[in-house]
Amino acid sequence: ISPDRYQSLRLCIGDSLVQCLARQQLFMVGCGAIGCELLKLFALLGVGRSGQITITDHDHIEKSNLNRQFLFHKQHLNQPKSIVAAQSARDMNKELNIQSYTLKVGVGSNDLCSDAFIGGQTIIVNALDNIEARRYMDSRCITNKKPLVESGTMGSKGHTFVVVPYKSESYSNQVTIHF
């Protein structure tokens, strides 16, 4: 294998895992503070190069986002977070296959979270700051038997855990935990 931008990663985890990362069909909800960090990592790891990363966030970039969401800069104020985040990730890795939406997830909000779409994903990632959307995505993952990396914030506190449908506790079962 000739040297490329993934050579160091390949030395650490092996070519089969590098190729596995490339094939992922990953859906991430939320492009704020946690979403920016995750998207940067996905881009640098080559996630979705031969698969796809799909992101959505209905929020727009505000001045307060600039000090903690490094994919955004002054010239991005009032623009959709997901569109700017996707372009910033593409700027980091030209091989990245990424599609952005500005849709809100939730009951009756759109067709993005249909069974067909969720069923076609390898993994779902939450990077959310509200309980309603987190519960909704949790239920979509349970229904479609898809793993969920649940990460989010509530005020200044955050958490991350993995939900494996029918094998681990879901987010909705965890929601009684006080942040």
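The accessible surface of the protein chain is about 9300 Å², and carbon and sulfur atoms account for 53% of that. Bear in mind that this is a predicted model. Of the 179 residues in the chain, 45% are buried.

Now the fold. I count seven helices and six strands in the protein chain. Reading from the N terminus, the order is α-α-β-α-β-α-β-α-β-α-β-β-α. The radius of gyration is 16 Å, close to the 16 Å from the globule rule for 179 residues, so the chain is as compact as a globular protein of that length. Along the principal axes, the C-alpha trace spans about 50 × 45 × 30 Å.

On contacts, take the pairs at least 6 apart in sequence: 59% of those contacts join residues at least 24 apart. On charge, there are 19 positive and 15 negative charges in the protein chain, and their mean positions lie 3 Å apart.

Is N144 buried or exposed? Its relative accessibility is 17%, and the cut-off for buried is under 20%, so N144 counts as buried.

If we set aside neighbours within four places in sequence, N144 is in contact with D115, I118 and G119.

Notes. Residues numbered from 1 in each chain as written. Predicted model: local features only at pLDDT ≥ 70, side-chain atom pairs only at ≥ 80, totals over all residues. Heavy atoms only, no water. Helix = DSSP H or I, 4+ residues; strand = E, 2+ residues; numbered from the N terminus. Rg over C-alpha atoms; globule rule 2.2 N^0.38 Å. Buried < 20%, exposed > 50% of the residue type's maximum accessible area, 1.4 Å probe, protein only. Contact = heavy atoms within 4.5 Å. Areas by Shrake-Rupley, 256 points an atom, 1.4 Å probe, with all protein chains shown as cover. Lys, Arg positive; Asp, Glu negative; His and termini not counted. Charge placed at Lys NZ, Arg CZ, Asp CG, Glu CD.
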